[in-house]
Amino acid sequence: MVRLKRIFAQTLKELRQLRRDRLTVALALALPILLLLLFGFAVSLEINKINLAVQDLDLTPTSREYIATFERTQKFHIVGQAPNIKVSQMLDRGEATIGLIIPPDFSRDLLRRGSIGTVQALIDGSDANTANIARSYAKAVTNAFVGNLHNQPSPVAVDVRSRFWYNPGLKNLKYIGPGAIAIALTLFPPLLAGLATAREREQGTIVQVYASSLTSIEYLLGKATAYWLVGMVEVVLVNAIAQVIFGLRFVGDPTPLLVGSTLYIACGVFWGIFIGSNVQSQSVVIEAVNISAFLLSLLMSGFIYPIANIPFALRWISNIVPSRYYILLTRDAFVRGMGWSAIWYAVVALGLLAIIFFFLAWNKLQKMQVET
């Protein structure tokens, strides 16, 4: 016979145990809110504030009005405007997504009967989705500009001649492939390191480690090195498969990617050890790594959704997501090919994150050693 009193007593016991496990309570209450915010604000294919560089060789009221039409749409953010601006160099450095070149006879062609004004649009094709949207926006703005020219003696037209930089065929594999390498490497190094650390706490073998002469930093570096080596084997395998099966090829200096890979795996391993040292259950490690490493990398790294689309209140999170910087390195190595001059800051960012995650893990292990 089922007795409600026993059921009620068991319910109270479970709630009391749950209350003692603050991490589980925090995950249960905070994760749904976090997921709602991420999917509600970060997941958006709409592109806003496209960086636009303009080389205006015409320097007439007509050309200035054409440029102003781009500004008024609020879809474009002009990062450079001058007759002597080097549009291609700004594309190479990643400072502009689209470069607009207005020829010196632009306004004269518009005034000439039966003539068509031409402009050239150079578009960063390393991100196929953004490139297509930027091209569509440029054409729509141009049509709006033409529609506002009511005082011309004859019908006018402007031909936007687009050329895609780096990825002329807009092959999605050249966009998805390099990003997929980063996502494939973002889960298992921290997961394996975190599970190993939590397992020792769960089984109590961590006490034996602290009872020995091994210091916390020696324990951390020894464990991290083991899983860093495993992660580097994953790097080799993933890159080999990407090149053999998907046909990706290095188009420039691969050393930034090689150096960045060592730091990227270190970030994951130190983060996994930090998570594992904060919990006593391997199942919690799996959930925590899935959220903090895999899901954030998928949504906040620029792999699928542009970071610029994310509201500022959430965008800062992407600054501490290592995959954001590693994706820049993979896309540069396989698509852009600019090397150290254009991508050095991503390597520096990964180095700083690796140092931060190392000290977080070391600090926690030191506290655990004192508590034990």
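T142 is buried, with a relative accessible area of 2%. The model is predicted. T142 sits in helix α6, which covers residues 128-147. Another buried residue is N239, at a relative accessible area of 10%. N239 belongs to helix α10, and α10 packs against helix α11 through a listed set of contacts.

- Not counting residues up to four places away in sequence, T142 touches Y66, F70, V158 and V160.
- T142 counts as buried because its relative accessible area of 2% falls under the 20% cut-off.

**How α10 and α11 cross**
- Helix α10 spans residues 216-244, and helix α11 spans residues 255-278.
- Their axes come within 9 Å.
- The axes cross at roughly 130°, which makes α10 oblique to α11.
- The crossing of α10 past α11 is right-handed.

**Where α10 and α11 meet**
- From α10, the residues in contact are L220, K223, A224, Y227, W228, G231, M232, V235 and N239.
- From α11, they are L257, S261, T262, I265, A266, V269, F270 and I273.
- By class, this contact has twelve nonpolar, four polar and one charged residues.

**N239 in helix α10**
- N239 is one of the α10 residues that meet α11.
- Leaving aside neighbours within four places in sequence, N239 is in contact with I181, L257 and F334.
- Of these partners, L257 is among the α11 residues in the contact with α10.
- N239 counts as buried because its relative accessible area of 10% is under 20%.

Note on methods:
Residues are numbered from 1 along each chain as its sequence is written. This is a predicted model: local features need pLDDT of at least 70, side-chain atom pairs count only at pLDDT 80 or more; totals for chains, interfaces and linings use all residues. Side-chain values use heavy atoms; hydrogens and water are left out. Helices (H or I, at least four residues) and strands (E, at least two) are DSSP runs, numbered from the N terminus. Buried means under 20% relative accessible area, exposed over 50%, partly exposed in between (1.4 Å probe, protein chains only). Contact means heavy atoms within 4.5 Å. Axes are lines fitted to C-alpha atoms, for helices over the stretch in contact, and angles run from 0 to 180 degrees between N-to-C directions. Angles under 35 degrees count as roughly parallel, over 145 as roughly antiparallel, 65 to 115 as roughly perpendicular and the rest as oblique. A crossing is left-handed if the near helix is turned anticlockwise from the far one by less than a right angle, and right-handed if clockwise. Ala, Val, Leu, Ile, Met, Phe, Trp, Tyr, Cys and Pro count as nonpolar, Asp, Glu, Lys and Arg as charged, and the others, Gly among them, as polar.
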